[in-house]
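These notes are meant for a colleague opening this structure for the first time. They go through the sheet, the helices, the pocket and a few individual residues in turn.

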Amino acid sequence: MAEGGNHIHVWENTYIMEPKDDEKFLPSKVTDVIDKVMTEKLKDKVYNPDDAKIYTLDLCNEIKQAVKELNIPRYKVIVQVVIGENAGQGIRVASKCLWDVTADNWASFSFKNQTLFAVGMVFGCYYE
């Protein structure tokens, strides 16, 4: 026991090197979460470059919170959202990362209405 009656916690390695089958990051479940959050937030929005910055941050935080509620243990959740004006153009959003193909995974969802498009990506990286 430390001064003042506080307990000192000592953490030790668990040596868990990969997730159990029922604890894996499942893209289908995460895609459903991204779809729900983005559709709910953006369905009646009109594109405005200044508002898009705020929408992006709000969406990232809400998606991250909703994914964490899926209780996927030992995964770091990274969320990226891109919002732009829908003017009939084509766009390709890509991302690169170095990871473990046996444990890490990703999910994405694209949303589009009359004035804007949005792409939400969630990356689940397993903590060893």
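1. Two strands are taken to pair if DSSP finds at least two bridges between them. The model under discussion is a predicted one, and in it β1 and β3 are joined by 11 bridges and run antiparallel. Within this pair, Val77 has Gly124 as its bridge partner in β3, and Lys76 stands opposite Cys125 of β3.

2. The other pairing of β3 is with β2, where eight bridges join the two strands, again in an antiparallel arrangement. Here Phe109 has Gly120 as its bridge partner in β3, while Lys112 has Phe117 as its partner in that strand. With three residues between them, β2 and β3 form a hairpin.

3. Taken together, the three strands make an open sheet whose order is β1-β3-β2, with antiparallel pairing. The edge strands are β1, covering residues 75–85, and β2, since each of them pairs on one side only. On average, and with direction ignored, neighbouring strands of this sheet are turned by 10° against each other.

4. Helix α2 lies across β1 and β3 and runs at about 150° to β1.

5. How many of the residues of β3 are buried? The count is 11 of the 11, so this strand is largely enclosed by the rest of the structure. Both of its faces are covered, with Leu116, Ala118, Gly120, Val122, Gly124 and Tyr126 buried on one side, and Phe117, Val119, Met121, Phe123 and Cys125 buried on the other.

6. A residue of helix α2 that can be followed in some detail is Thr56, which is found in this helix of residues 49–68. Thr56 has a relative accessible area of 18% and is therefore buried, the cut-off being under 20%. If its neighbours within four places in sequence are left aside, Thr56 is in contact with Val81 and Ile83.

7. The largest pocket has a volume of about 270 Å³. Its lining consists of 16 residues, and those that lie nearest its centre are Val93, Ala94, Ser95, Trp106 and Met121. Strands β2 (105–112) and β3 (116–126) each supply at least two residues of this lining, and the largest share, five residues, comes from β3. By residue class, the lining divides into 12 nonpolar residues, three polar ones and one that is charged.

8. Ser95 lies in the loop between β1 and β2, and, leaving aside its neighbours within four places in sequence, Ser95 is in contact with Gln80 and Phe123. Met121 is 26 residues away from Ser95 along the chain, and the C-alpha atoms of the two are separated by 9.2 Å.

9. The loop between α2 and β1 deserves a check of its backbone angles. Most residues other than glycine have a negative phi. Asn71, whose place is in the loop between α2 and β1, is not a glycine and yet has a positive phi of about 55°. Arg74 is also found in the loop between α2 and β1, and although Arg74 is not a glycine, its phi is positive too, at about 65°.

10. Arg74, at 28% relative accessibility, counts as partly exposed.

Definitions and conventions
Residues numbered from 1 in each chain as written. Predicted model: local features only at pLDDT ≥ 70, side-chain atom pairs only at ≥ 80, totals over all residues. Heavy atoms only, no water. Helix = DSSP H or I, 4+ residues; strand = E, 2+ residues; numbered from the N terminus. Buried < 20%, exposed > 50% of the residue type's maximum accessible area, 1.4 Å probe, protein only. Contact = heavy atoms within 4.5 Å. 1 Å grid on protein atoms, 1.4 Å probe; cavity = no way out; pocket = protein on both sides within 12 Å on 5 of 7 lines; lining within 4 Å. Points joined across faces, edges and corners; volume = space filled by probe spheres on them. Nonpolar A, V, L, I, M, F, W, Y, C, P; charged D, E, K, R; others polar. Axes fitted to C-alpha atoms, helices over the stretch in contact; angles between N-to-C directions.
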